[in-house]
Amino acid sequence: MKDFFYAIQDLFVNVLFAPMDAIRALELENWFAANTLSWIFILIGFVAMVYWMLQLRIFDQNNEEDKSISSHSFL
């Protein structure tokens, strides 16, 4: 059973975390290259937010949103 847990340790440390070790080593040379994946995720999130806002604007211009007061009188 002890070998099983050592195999799991070996899998994570030497195989699955190898890309993270490469990024950590790259960060000492070039910060922007090491954070390229983060910049890509930020760009995807920004594009998704702009698309969402444009879709909300389309529905608002078509008066398709139900703006009736239903739950609270202060709304």
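R24 and D21 lie 3 residues apart in helix α2, so about one helical turn separates them. Helices (H or I, at least four residues) and strands (E, at least two) are DSSP runs, numbered from the N terminus. R24 forms a salt bridge with D21. The closest N and O atoms of the pair are 3.4 Å apart. A salt bridge is defined as a side-chain nitrogen of Lys or Arg within 4 Å of a carboxyl oxygen of Asp or Glu. Side chains of opposite charge can pair when their charged atoms come close. The structure holds 1 salt bridge. R24 is exposed, at 56% relative accessibility. D21 is partly exposed, with a relative accessible area of 33%. Buried denotes under 20% relative accessible area, exposed over 50%, and partly exposed the range in between (1.4 Å probe, protein chains only).

The model is predicted; local features require pLDDT of at least 70, side-chain atom pairs count only at pLDDT 80 or more, and totals for chains, interfaces and linings use all residues. Residues are numbered from 1 along each chain as its sequence is written, and side-chain values use heavy atoms, with hydrogens and water left out.

D21 also takes part in the packing of α2 on α1. The two helices, α1 and α2, pack at an angle of about 40 degrees, and their axes are 5 Å apart. The contact involves V13, N14, V15 and L16 of α1 and A18, P19 and D21 of α2. Contact means heavy atoms within 4.5 Å. Axes are lines fitted to C-alpha atoms, for helices over the stretch in contact, and angles run from 0 to 180 degrees between N-to-C directions. α1 and α2 are therefore oblique to each other. Angles under 35 degrees count as roughly parallel, over 145 as roughly antiparallel, 65 to 115 as roughly perpendicular, and the rest as oblique.A nonpolar surface patch of about 1200 Å² is formed by M1, F4, F5, I8, L11, F12, V13, V15, L16, F17, M20 and I23. The elements giving two or more residues to the patch are α1 (2–16) and α2 (18–27). α1 gives the most, with 8 residues. Patches comprise residues with over 30% relative accessible area and no salt bridge; like charges are joined within 9 Å, nonpolar side chains (Val, Leu, Ile, Met, Phe, Trp, Tyr) within 5 Å. Accessible areas come from the Shrake-Rupley method with a 1.4 Å probe; for residues, only the protein chains shown count as cover.

V13 is found in α1 and is partly exposed, at 44% relative accessible area. F12 lies in α1 and is partly exposed, at 38%. F12 and M1 are 11 residues apart in sequence and 17 Å apart, C-alpha to C-alpha.

Q55 is found in helix α4 (residues 36–61). Q55 is partly exposed, at 25% relative accessibility. The C-alpha atoms of Q55 and I44 are separated by 17 Å, with the residues 11 apart along the chain.
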